[in-house]
Amino acid sequence: MSLAIVILAAGKGTRMKSALPKVLHTLAGKPMLQHVVDAARSLGPDSIHVVYGHGGDQVRETVTGDDLQWAEQAEQLGTGHAVAQAMDQIQADTVLVLYGDVPLIQPETLSGFVDQVDDTGMALMTLTMTNPTGYGRIVRNDDDQVMRIVE
């Protein structure tokens, strides 16, 4: 199985009230995006694609590596649109989409998740929060099927 990883890092992060792109805010001495890239690298993927937008030059200068391929999302038109910006570069059986502002994701979690995916469908990792105010949401129908992502 070939694996491509797409990391979404185009958001402005207006809730952070900072001119610094959201994914470049640091945690434990590294930009959030760097933590996600490091976790992605631990899987040994065939390719890693970072979708950038707001502060793109700064993002590309801060998080570097010969193994990273870059795709610009000039207009932020949603999650699906962001992923689509990288898809023409991808030649893989499996595509793992990660968010660049989730720095605590563990390589073991990602590896276990990818191991559960087969070529007949897709998988989506979510969590249930008591108060999801201010966060994006996965909207499901009465049969628990995913209907859309609300940002």
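Q: How many aromatic pairs does a search of the whole structure find?

A: One. Keep in mind that this is a predicted model.

Q: How is a pair of aromatic rings described?

A: By two values: the distance of the centres and the angle of the planes. Here the rings belong to Tyr-52 and Trp-70. Their centres are 5.9 Å apart. Their planes stand at 70°, and over 60 counts as edge-to-face, so this pair is edge-to-face.

Q: Which parts does the pair tie together?

A: Tyr-52 sits in strand E4 and Trp-70 in strand E5, so the contact links parts 18 residues apart in sequence.

Q: Are Tyr-52 and Trp-70 buried or exposed?

A: Buried means under 20% relative accessible area. Tyr-52 has 11% relative accessibility, so it counts as buried. Trp-70 has 16%, so it is buried too.

Q: In what order do the strands of the open sheet run?

A: Read across the sheet: E5-E4-E1-E6. Four strands form it, and the pairing is parallel. E5 and E6 are the edge strands, each pairing on one side only. On average, neighbouring strands are turned by 25° against each other, direction ignored.

Q: How many bridges join E1 and E4?

A: Six, in the parallel sense.

Q: Where does H1 lie?

A: Across E1, E4, E5 and E6. H1 runs at about 175° to E1.

Q: Which residues touch the most other members of the largest nonpolar core?

A: Ile-5, Ile-7, Leu-33, Leu-68, Leu-96 and Leu-98. The core has 24 residues. H1 gives the most, with five residues.

Q: Leaving aside neighbours within four places in sequence, what is Ile-5 in contact with?

A: Its contacts are Ala-40, Leu-43, Pro-45, Ser-47, Ile-48, His-49, Leu-96 and Leu-98. Another core, of nine residues, lies apart from the largest one. Among its residues are Val-6, Leu-8, Ala-71 and Ala-82.

Q: Which residue other than glycine has a positive phi near 55°?

A: Ala-28. Look for Ala-28 in the loop between strand E2 (26–27) and strand E3 (30–31). Exposed means over 50%. At 72% relative accessibility, Ala-28 therefore counts as exposed.

Q: What is the phi of Asp-144, and where does Asp-144 lie?

A: Its phi is positive, about 70°, although Asp-144 is not a glycine. Asp-144 lies in the loop between strand E7 (137–140) and strand E8 (146–150).

Methods: Residues are numbered from 1 along each chain as its sequence is written. This is a predicted model: local features need pLDDT of at least 70, side-chain atom pairs count only at pLDDT 80 or more; totals for chains, interfaces and linings use all residues. Side-chain values use heavy atoms; hydrogens and water are left out. A nonpolar core is a set of buried Ala, Val, Leu, Ile, Met, Phe, Trp, Tyr and Cys residues joined through side-chain atoms within 4.5 Å. Buried means under 20% relative accessible area, exposed over 50%, partly exposed in between (1.4 Å probe, protein chains only). Helices (H or I, at least four residues) and strands (E, at least two) are DSSP runs, numbered from the N terminus. Contact means heavy atoms within 4.5 Å. Rings of Phe, Tyr and Trp (its six-membered ring) pair if their centres lie within 6.5 Å; planes under 30 degrees apart count as stacked, over 60 as edge-to-face and the rest as tilted. Two strands pair if DSSP finds at least two bridges between them. Axes are lines fitted to C-alpha atoms, for helices over the stretch in contact, and angles run from 0 to 180 degrees between N-to-C directions.
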